Amino acid sequence: TQNDIILAINNYANDQKKAQQNEDQNTEKKPEEAKSIYTKDVLYAALERNDDSIGEIINAMIEEKTEEKDQEKMRSTVKSYITAYYKESYQKAYLAGDTAEMSEIAKALMAFRKYGIVYTANTLEGWRKNAKEDLAK
């Protein structure tokens, strides 16, 4: 089930962190940041499924960073991923006059506020304004 998959991913991530910590303790060189299992592709898959794992993945991607400035940088990166996922669809819906699809995408974008990822009416206005130009590329 979906919960089993999420549990398995989280267990794997915890095991990787523990292994990295053990490795760091056994070496005197500066530890490198462990490679995250939470990637853009994992986030896109969750967005495609539109399931509850989206929030867990976003939080994990941000919380893996220990420094606040790194968390903010990751939050910005995640917002870029989300924008890349939704923007073209929103613009195509706008040009097609599909207000229902536009509304669904806007609703999805507004839901990311709870993770500190903020989209505004101005954001969507800019997407509409630049739709023809952006999609011609």
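The protein chain folds into seven helices and zero strands, with helices (H or I, at least four residues) and strands (E, at least two) taken as DSSP runs numbered from the N terminus. Keep in mind that this is a predicted model, where local features need pLDDT of at least 70 and side-chain atom pairs count only at pLDDT 80 or more, while totals for chains, interfaces and linings use all residues. Residues are numbered from 1 along each chain as its sequence is written, and side-chain values use heavy atoms, leaving out hydrogens and water.

**The chain overall**

- Reading from the N terminus, the order of elements is α-α-α-α-α-α-α.
- Of the 137 residues in the protein chain, 27% count as buried (buried is under 20% relative accessible area, exposed over 50%, and partly exposed in between, with a 1.4 Å probe and protein chains only).
- Take the contacts between residues at least 6 apart in sequence: 60% of them join residues at least 24 apart (a contact means heavy atoms within 4.5 Å).

**How α3 sits on α4**

- Two packed helices are described by the angle between their axes and the distance between the axes.
- Helix α3 packs on α4 (residues 68–96) at about 145°, and their axes are 8 Å apart (axes are lines fitted to C-alpha atoms, for helices over the stretch in contact, and angles run from 0 to 180 degrees between N-to-C directions).
- On the α3 side the contact uses I58, M61, I62 and E63, and on the α4 side Q71, M74, R75, V78, Y81 and I82.
- Sorted by class, that contact has seven nonpolar, one polar and two charged residues (Ala, Val, Leu, Ile, Met, Phe, Trp, Tyr, Cys and Pro count as nonpolar, Asp, Glu, Lys and Arg as charged, and the others, Gly among them, as polar).

**Q71, on helix α4**

- Q71 belongs to helix α4 and is partly exposed, at 22% relative accessibility.
- Not counting residues up to four places away in sequence, Q71 touches I62, E63 and K65.
- A polar atom of the Q71 side chain lies 2.8 Å from the backbone oxygen of K65.
- Q71 and N59 are 12 residues apart along the chain, and 9.9 Å separates their C-alpha atoms.

**How α5 meets α6**

- The axes of α5 (residues 99–110) and α6 (residues 121–129) come within 11 Å and cross at roughly 140°.
- That angle makes α5 oblique to α6 (under 35 degrees is roughly parallel, over 145 roughly antiparallel, 65 to 115 roughly perpendicular and the rest oblique).
- M102, A106, L109 and M110 of α5 make the contact with L124, W127 and R128 of α6.
- This contact has six nonpolar, no polar and one charged residues.

**The loop between α2 and α3**

- N50 is in this loop and is exposed, with a relative accessible area of 60%.
- Most residues other than glycine have a negative phi.
- N50 is not a glycine, yet has a positive phi of about 55°.
- D51 lies in the loop between α2 (40–49) and α3 (53–63), and is buried at 14% relative accessible area.
- The side chains of D51 and S53 are joined by a polar contact of 2.5 Å.

**I54, on helix α3**

- I54 is in helix α3 and is buried, with a relative accessible area of 9%.
- Leaving aside neighbours within four places in sequence, I54 is in contact with L43, A46, L47 and F112.
- I54 and F112 are 58 residues apart in sequence, and their C-alpha atoms are 9.5 Å apart in space.

Conventions:
A polar contact is a pair of N or O atoms within 3.5 Å; within protein, one must be able to donate a hydrogen and the other to accept it, and residues adjacent in sequence count only if both atoms are side-chain atoms.
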